[in-house]
Each structure stands twice: as structure tokens, then as C-alpha cells.
Amino acid sequence: MFAYKASAQQGTRMFRAKILSKCAFRRKMSSRLVLGIETSCDETGAAVMDETGLILGESLHSQKEVHMKTGGIIPTVAQRLHRENIGRVVQEAMERSGVTQSQLSAVATTVKPGLALSLGIGLHFSLNFVKLHQKPFIPIHHMEAHALTVRMLQPVVFPFLVLLVSGGHSLLALARGIDDFLLLGQTLDEAPGDTMDKVARRLSLIKHPKCSMISGGQAIEILARDGDRLKFLFKPPMGAHYDCNFSFAGLRNQVTMSIQKKEEEEGVEQGTLLSCVNDIAAATQHTVASHIAKRTHRAILFCKAKDLLPSCNPTLVVSGGVASNQYIRKILKIVTDTTGLHLLCPPSKFCTDNGVMIAWNGVERLREGKGILSHTEEVNYEPKAPLGVNITAEVKEAAIKLPPLKLRVTD
């Protein structure tokens, strides 16, 4: 009797599970579905997402290990690797999602900005795909996608302040809508991730036992934990410029000169690991973080002075590969705590380039009916593309001087 009841209960549970599974499948099929494709630099990414932000399937092929061996990204190599892997990556994302090509509502693809040869592979593949399956096409601005990724994870309302920091970009902008941005500041030379990668290469950190299989920026962060930043006092960039632009090339030159001096003092040739690599890493990281924090602080004060942020729960969103750096996050937390802003950083896996953020940007545009093209329309990629309306001159004219703020991380 007991065995019969147990068997009956188990059968009922299985029946209910099947019904729920069918209902979930029908909901998924009735929802609009977007395939996102990303090839702006050295990551080949694809993801399928529904209009609620649910990731149904994704795939990512990273070229980082290849480029680490050559000491930097070679565009022709990146192009070849994208070409070799994009078909497989898209197929994997589709298969993992359980969605067929006919069930897609649109295809969203990064078309700007980025490496020309990399962008070309993704766009060419996508245009062939949408023509073959007669699907709408949504061109995506890479930086807009980074800025809006956080809205996939939680309900962040416009307007909010955005800090995007990566290996190729650094900028501050006010996001007022999915395609409405005010650019407050941007890099004048190189990006913070590029700077830290170059410092890591100059220090030959790939020879360090802790750093042989990771990127230069990650190596700097790891070694900095055991370093004393006060052993090397690098001059903060642009201290006399009261705007929100960034500059890291001068800092890199300072670090290079210090490395050369230490090599002479220790009597070693370039390419040899110095005894003070931890201290140089710590000082470099702190100066990069401080520069980013001070420009962000000024952007917050500017937005408050111009009444550009909401009085209730104003938010700073930080994204891009460098946003994964925990030390930089802690420095920024000091700024947001002082100014009364809520700091939001997507998980590290969503800070770096991926197909998920492109699919989400496609979902947001599909919802609002913005930037959706027919499969018959021609589209070009744009290696250089500004973000929003540039008001950096207005920020500079405001000449906001920062109040004293101790940017000191204690733990």
C-alpha cells in the first residue's frame, strides 16, 4: 500500500514536471529571442537571450593566450582566429539554447568601435546569417552594450552615471536612455588596461611563477597585493586639468623610467625579473586607480551641479575589463560613499567582452523599436565611433576643483 502511494506520488510529480517544462518551453518560444554576436577585439562571443534577460545559451572563445605569447594583439591574427571560430561559437550558443534559427526574433552584432579586421568578421558572418534566415538585424555600439549590461541584472533606471574602463577604452558618460548618452570625459591617449598590460610586459611578468598564464592587468593586481605602493611615488596624471578626461601614457613613461633605473641599480638586463616587482605593481595600480577615481569624483560633482542625476538613489555603474580589478572598485567605493552614490559593478564575467551583453543590448533596442534594420539593408563597421553627445568642453569650462579625499584602501 505504501509502495503504491509512493509510486503514485512520484508519477504525479513527474507529470507536473512535464507540464511545467512544456509551459516554460512555450513561454520561451512565445518570447522574443535575440542572438548576440561579439567580435570587436580578441573575444569571439555569442549568446541567445529572451526579452526578460534570461540567457538561454552562450559560448565564448578567448584569444588571450595566443596574444600573450606575442606580447600584444596582432590584428591579422585576431581576424584569423575570429574567422576560424565564429561559426562554431554561434552554433554552440544556438544548440545550448535549444532555439532554432527560425525562432529568433533578431540578430544583434557589434559593429563599432573596435579593431577593423575583427569587426569585419562578425559583421560579415551576421549579415550572411540574417539574409539566409530573413531576420531583422540590430547593429550594436560596443560601449553602449557595456554601459547597459547592468540593467540585465537589476532594474537600474535612467539617468545614471557610467564609467567604462578596459584595455581599449576609458570614458565617463551620463546614460539617459538606451541610445542617449552625454560624454563627460574620455582618454586622450591610451586606456588603463593597455597601460597596465604594457607595464607588465616591461616588467617581464610572464616569467613570474604567479603570472605565466594570466593577462598583464591581472598580473599587476595579483602582485600588488604583496607590494608597498609607497616605495615608488608616481606623479598622478593631469592634476592641473579640471576636467574628466583621462591620460595614462605619461604614467607609463614614469614607470618605465623607474624600471630602467632599478635594472641599472641591480645590474640586470631588460627581461630579468626585478626584486621590487610587487612594489612597482602596487604603485602603478594605485596611481591608475587614483586617476580614475578623481576624474569620476569630478564627473559626479558636475552632474550634481547641473542636476543631471536623480535625487533619489543616484547610481554609478562601472563596467569594462578593468572594472574587474578589486582594488579599483574599492577606491571607487570611497568616492561613491563620500558623494552619496550607489556603486554598481556587474560580475567580472560580464565586465569583459561577451555575446551576452550584445544580446541584451539587442533586447533593449527590440523592446523600444530602435535601430532595427531589415535583413536586406547594408551595414558598415566603424572602428572609431564616439559615444553619445560630447560635452567634455562644458565639463572643462565648469573647472570643478575636488575637495580633499583620502583614497586609501586599508584591507
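This is a predicted model: local features need pLDDT of at least 70, side-chain atom pairs count only at pLDDT 80 or more; totals for chains, interfaces and linings use all residues.

Trainee: How far apart are Asp337 and Lys333 in helix H11?
Mentor: They are 4 residues apart in helix H11, which covers residues 326-339, so about one helical turn separates them. Lys333 is partly exposed, with a relative accessible area of 38%.

Trainee: Why would side chains like that pair up at all?
Mentor: Side chains of opposite charge can pair when their charged atoms come close.

Trainee: How many salt bridges does a search of the whole structure find?
Mentor: The search finds 21. One of them joins the side chains of Asp180 and Arg176, at 3.2 Å from N to O. Asp180 is partly exposed at 28% relative accessible area, and Arg176 also counts as partly exposed, at 41%.

Trainee: Which residues are linked in a network of salt bridges?
Mentor: Glu190, Asp194, Lys198 and Arg252 are linked that way.

Trainee: New topic. Which domains does the assignment give for the chain?
Mentor: Domain 1 is made of 34-153 plus 353-386, and domain 2 of 163-350 plus 390-398. The contact between them takes 21 residues from domain 1 and 20 residues from domain 2.

Trainee: What separation do the centres of the two domains have?
Mentor: Taken over C-alpha atoms, the centres of domain 1 and domain 2 are 27 Å apart.

Trainee: And what area is buried between domain 1 and domain 2?
Mentor: About 1800 Å² is buried there, and carbon and sulfur atoms give 75% of that area. The size of an interface is often given as the accessible area lost when the parts come together.

Trainee: How many salt bridges are there between domain 1 and domain 2?
Mentor: The count is 1. The side chains of Asp179 and Lys370 meet in a salt bridge, with 3.4 Å from N to O.

Trainee: Which elements give two or more residues to the side of domain 1 that touches domain 2?
Mentor: They are helix H2 (64-70), helix H5 (142-148), helix H6 (150-153) and helix H13 (355-368). H5 gives the most, with 5 residues. By class, that side of domain 1 has 10 nonpolar, 5 polar and 6 charged residues.

Trainee: Back to Lys370. Which other residue forms a salt bridge with Lys370?
Mentor: Glu368 does, with the closest N and O atoms 3.5 Å apart. Glu368 is partly exposed at 43% relative accessible area, and Lys370 is partly exposed at 30%.

Trainee: Let's look at single residues. Is Ser118 buried or exposed?
Mentor: Ser118 is buried, because its relative accessible area is 0% and buried means under 20%. Ser118 lies in helix H4, residues 116-133. Leaving out residues up to four places away in sequence, Ser118 touches Thr39, Ser40, Cys41, Ala78 and His82.

Trainee: What about Asn380, buried or exposed?
Mentor: Asn380 is exposed, with a relative accessible area of 64%. Asn380 is found in the loop between H13 and strand S11 (389-390). With residues up to four places away in sequence left out, Asn380 touches Val111 and Leu123.

Trainee: How many residues apart in sequence are Asn380 and Val111?
Mentor: They are 269 residues apart in sequence, while their C-alpha atoms are 7.2 Å apart in space.

Trainee: Last topic, the backbone. Where is there a cis peptide bond?
Mentor: A cis peptide bond joins Phe158 and Pro159, with omega about -5°. Pro159 is in the loop between H6 and strand S6 (160-165).

Trainee: What is phi of Ser204?
Mentor: Phi of Ser204 is near 55°, a positive value in a residue other than glycine. Ser204 is in the loop between helix H7 (192-202) and helix H8 (216-224), and Ser204 is buried at 10% relative accessible area.

Trainee: And phi of Asn313?
Mentor: Phi of Asn313 is near 55°, again a positive value in a residue other than glycine. Asn313 is found in the loop between helix H10 (277-305) and strand S9 (315-319).

How values were computed. Residues are numbered from 1 along each chain as its sequence is written. Side-chain values use heavy atoms; hydrogens and water are left out. Domain bounds come from an automatic or database domain assignment. Contact means heavy atoms within 4.5 Å. Buried area is the accessible area (1.4 Å probe) that two parts lose on being put together, summed over both. A salt bridge is a side-chain nitrogen of Lys or Arg within 4 Å of a carboxyl oxygen of Asp or Glu. Ala, Val, Leu, Ile, Met, Phe, Trp, Tyr, Cys and Pro count as nonpolar, Asp, Glu, Lys and Arg as charged, and the others, Gly among them, as polar. Buried means under 20% relative accessible area, exposed over 50%, partly exposed in between (1.4 Å probe, protein chains only).
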